[in-house]
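The sequence and the model are shown first.

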Amino acid sequence: MEQMTASGGGQQPANAPRIGVAFFYHESHSFSPIATDLAAFEAEDHHEGDRLIDVYSGTQTELGGFLDVLGARGATPVPLTAAAAMPAGTVTTAAYATLLREFELALRRAVADNPLDGLLLALHGSMVSETEQDPEGAIIELARAILGADAQIAVTFDLHANVSGTPAECGALIFGYQTYPHIDMYDQGVRAANALLDALAGEPLTVRTVRLPMLLRSINMRTAEGPMADVVEFARARETGGVRAVSPHAGFPYADTRCSGAAVSVVAADPSEAERVAQEVAEYFWAQRERYQVDVAAIPEALAAARDAIAVGETPVVLADVADNPQSGGSADTTVLLREVFAADLGTVLMSAICDDGVVRVARSAGVGAVLETQLAGKASTEFGAPLTVKAEVLAATDGVYVNDGPFNAGLSVDTGGAAWLRLRTVGGHPVSATADVVVTGRPITANDPALYRYLGVDPTAYDVLAWKVKNHFRAAFEPVVGRIIPVDAPGPAQTDFTALRFQHTDTAAWPFDGDRKLGDLTADEPLTGAVRPFTIRPATHEDLPDIAEFHVAVWQEAYAGLMDAGFLRTLTPERRLPEWEQALGRAPGYQVLVAHSASGAFLGFGSAHRHDDTGPLGLELHTLNLTPEARGTGLAAVLIDRLLGDEPAFAWVVDGNARAFEFYRKVGFEPTDDRRPDEESRVDDIRVVRGAR
């Protein structure tokens, strides 16, 4: 890979293009027991402003590529926000709302200083929040509304992105990783930044995205060989002439969203050429689908294969516990495979990286040479194995901070939340017959880089067996120095056969759920004429609540004058409403509050929805929908309803006599019922209106 030498910072010409730079990265596993809160982002990456340049300059990351190109070509980087967390469960509503608000405010501040000419976004593509199935689409949509139609946007996506139609519809140029393990992050950042600057210089570039009705297993998705290697090669062969980028997106089934699945994006000068290539690559991608359906060895077969490998000197053998790989959303603390490895008595063993913050803290406090008697792992969920009762000697204990050697994320600092190297003396009360060591970390991480082991003083090549919580990324650094690699189908949240999981949002009529599914006609998502909406929408945070409470009171006092008791209306104040909205935010994700602003940042209103325990049309309530006069007729109401309710059946309560409200609800698909509820304070009845599933 070619490393550019120019820095992203420094003095730039006064007329240099101003390019915003931001980074949002999370691969969300909707079946993981570990929610991803704001603390998870703080533990990995959470930066604002110039800190982005300090952290990512000189790294083999997308942002490293962005900054090098901008510096080399005389553009001015405007660092906005960055947030990344280790793959785990869905992002909490509060964390997502906070991160999106930070990005919005940073972008608005940048535009207020001097209009931005473009925006470079490094995204994963498979983030999911408790209340938003397509956060990356929402981020791009928000950015487009603030920047306007003339600014250029380019994005990078992980190979395992679930790409919706929104990025293409917003005109974002799309550059996806083409390697797994992902060692081309920097290269895609370079390509995206160059394309954006070329587009600003007048080169005509457009994007098309085609989505396929298929979900794929990632275990057989390496790009060194196999079906994904062939798909990437087929795509790259079409990057000629006016075709700047062809990105096959393999998808991430465990996200469980309406946009989960494979896709292809093409950036090209000619729209018809972009669409033709996207269709051609999509059809080839579809034709390879059966090749991804590989079987992974069950534990007994894997242990037998390991014994055979040891007998012929193919050591160290890697038993890859793929279903508990943190970079697939695993908790890194399942214990079923570990117990079986002990029982098999294969020889010397190194287990890594096991997440157990409590054990790490005790080991660091006790110090090297101390002997611990403790419960190890099995604490995130006992579904995949109970904790191991162990006696262990502390061989090393550190803060767990190191810098990656690479090639995966080379140069990036990693904080494991503390790390310890333990030598087990007993497991379950039974003495350990051969060396059995464990690397334990304070948070779930996939130990893909040799730097962690070197930092602790561990030599992985000195063991017979490496029982590791990994899948494919570790191969980039370790494949040349280990023996046989055996993926194991042990119990865990990221099990290889995802069709056995209980999906809620994924299209289960797609392949392989429906083995007879036909490809059918493919429709290319493309930039929409007039796609720039005159408003932004995001989840409300506590900082938004004073505006919401004040406007809520004003709406009631204007709309219900003459309908409700005048004395009651006079008692309504923002101070009275504010605690109610504070309580509502605290009930997330069952209670969702969205706030809307104009492109310039003016408050336009808000909406809220409340999920009840009932099923059917009485399960989801559209609780509030209040818009300023400036927002009426912009389409904001319909978009808010769609974001709050989706396609689900729902209901709302409307004050009896509020003819304008009844007319509005009929327009958006609600019909009045005979259900009434009296309100003693306001002295009026509410009437329930209901809509069915769309």
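How many salt bridges does the count come to? In this predicted model, the count comes to 42 salt bridges.

**Salt bridges**

Side chains of opposite charge can pair when their charged atoms come close.

| Residue | Partner | Distance (N to O) |
|---|---|---|
| Glu-44 | Arg-443 | 2.4 Å |
| Glu-141 | Arg-533 | 2.7 Å |
| Arg-688 | Asp-675 | 3.0 Å |
| Arg-683 | Asp-565 | 3.6 Å |

The salt bridge between Glu-141 and Arg-533 has an N to O distance of 2.7 Å. Glu-141 belongs to helix 5, while Arg-533 sits in the loop between strand 21 (524-525) and strand 22 (535-539), so this pair ties together parts that are 392 residues apart in sequence. Arg-533 is partly exposed, its relative accessible area being 31%.

Arg-683 and Asp-565 form a salt bridge through their side chains, at 3.6 Å. This pair also links distant parts of the chain: Arg-683 is in the loop between strand 27 and strand 28 (684-691), Asp-565 is in the loop between helix 15 (545-559) and helix 16 (566-571), and the two are 118 residues apart. Arg-683 is exposed, with a relative accessible area of 66%, whereas Asp-565 is partly exposed at 26% relative accessibility.

The salt bridge of Arg-688 with Asp-675 is at 3.0 Å. Arg-688 lies in strand 28 and Asp-675 in strand 27, so the pair ties together parts 13 residues apart in sequence. Here the arginine, Arg-688, is buried at a relative accessible area of 12%, and Asp-675 is partly exposed at 35%.

Salt bridges also join into a network, whose members are Arg-101, Glu-104, Arg-108, Arg-538 and Asp-544.

**Domains 1 and 2**

The domain assignment of the chain gives domain 1 (18-292), domain 2 (299-495) and domain 3 (535-691). The centres of domain 1 and domain 2, taken over C-alpha atoms, are separated by 31 Å. Their contact takes 25 residues from domain 1 and 30 residues from domain 2. Between them the two domains bury about 2,200 Å², of which 61% is on carbon and sulfur atoms. On the side of domain 1, Met-86, Ile-219 and Arg-222 lose the most area to domain 2, together 22% of what that side buries.

Which kinds of polar link are counted between domain 1 and domain 2? There are two salt bridges and eleven residue pairs in polar contact. The residues of domain 1 that touch domain 2 divide into 15 nonpolar, seven polar and three charged.

**Two covered helices**

Helix 3 (residues 62-72) is mostly covered, with ten of its eleven residues buried. Among the buried residues are Glu-62, Phe-66, Asp-68 and Leu-70. The buried residues pack against elements including strand 1 (18-25), helix 2 (51-56), strand 3 (76-84) and helix 7 (185-200). Helix 3 is followed by Gly-74, whose phi is positive, near 75 degrees.

Helix 8 (residues 227-236) is likewise mostly covered, seven of its ten residues being buried. These include Pro-227, Met-228, Val-232 and Phe-234. The cover over the buried residues of helix 8 includes strand 8 (243-249) and helix 9 (271-287).

**Loop residues**

Gln-133 lies in the loop between strand 4 (118-123) and helix 5 (135-147). Is Gln-133 buried or exposed? At 18% relative accessibility, Gln-133 counts as buried, because the cut-off for buried is under 20%. The side chain of Gln-133 reaches the backbone nitrogen of Arg-258 at 2.7 Å and makes a polar contact with the side chain of His-505 at 3.3 Å. Beyond its sequence neighbours within four places, the contacts of Gln-133 include Met-127, Asp-256 and Cys-259.

Ser-129 is in the loop between strand 4 and helix 5, and is buried at 4% relative accessibility. The side chain of Ser-129 reaches the backbone nitrogen of Glu-132 at 2.8 Å. Leaving aside neighbours within four places in sequence, Ser-129 is in contact with Thr-90, Val-91, Tyr-96 and Pro-135.

Gly-669 is in the loop between helix 19 (659-667) and strand 27 (671-679). Gly-669 is partly exposed, with a relative accessible area of 42%, and, neighbours within four places aside, is in contact with Val-690 and Arg-691.

Key: Residues numbered from 1 in each chain as written. Predicted model: local features only at pLDDT ≥ 70, side-chain atom pairs only at ≥ 80, totals over all residues. Heavy atoms only, no water. Domains from an automatic or database assignment. Contact = heavy atoms within 4.5 Å. Buried area = accessible area lost by both parts, 1.4 Å probe. Salt bridge = Lys/Arg side-chain N within 4 Å of Asp/Glu carboxyl O. Polar contact = N/O pair within 3.5 Å; in protein donor to acceptor, adjacent residues only side chain to side chain. Nonpolar A, V, L, I, M, F, W, Y, C, P; charged D, E, K, R; others polar. Buried < 20%, exposed > 50% of the residue type's maximum accessible area, 1.4 Å probe, protein only. Helix = DSSP H or I, 4+ residues; strand = E, 2+ residues; numbered from the N terminus.
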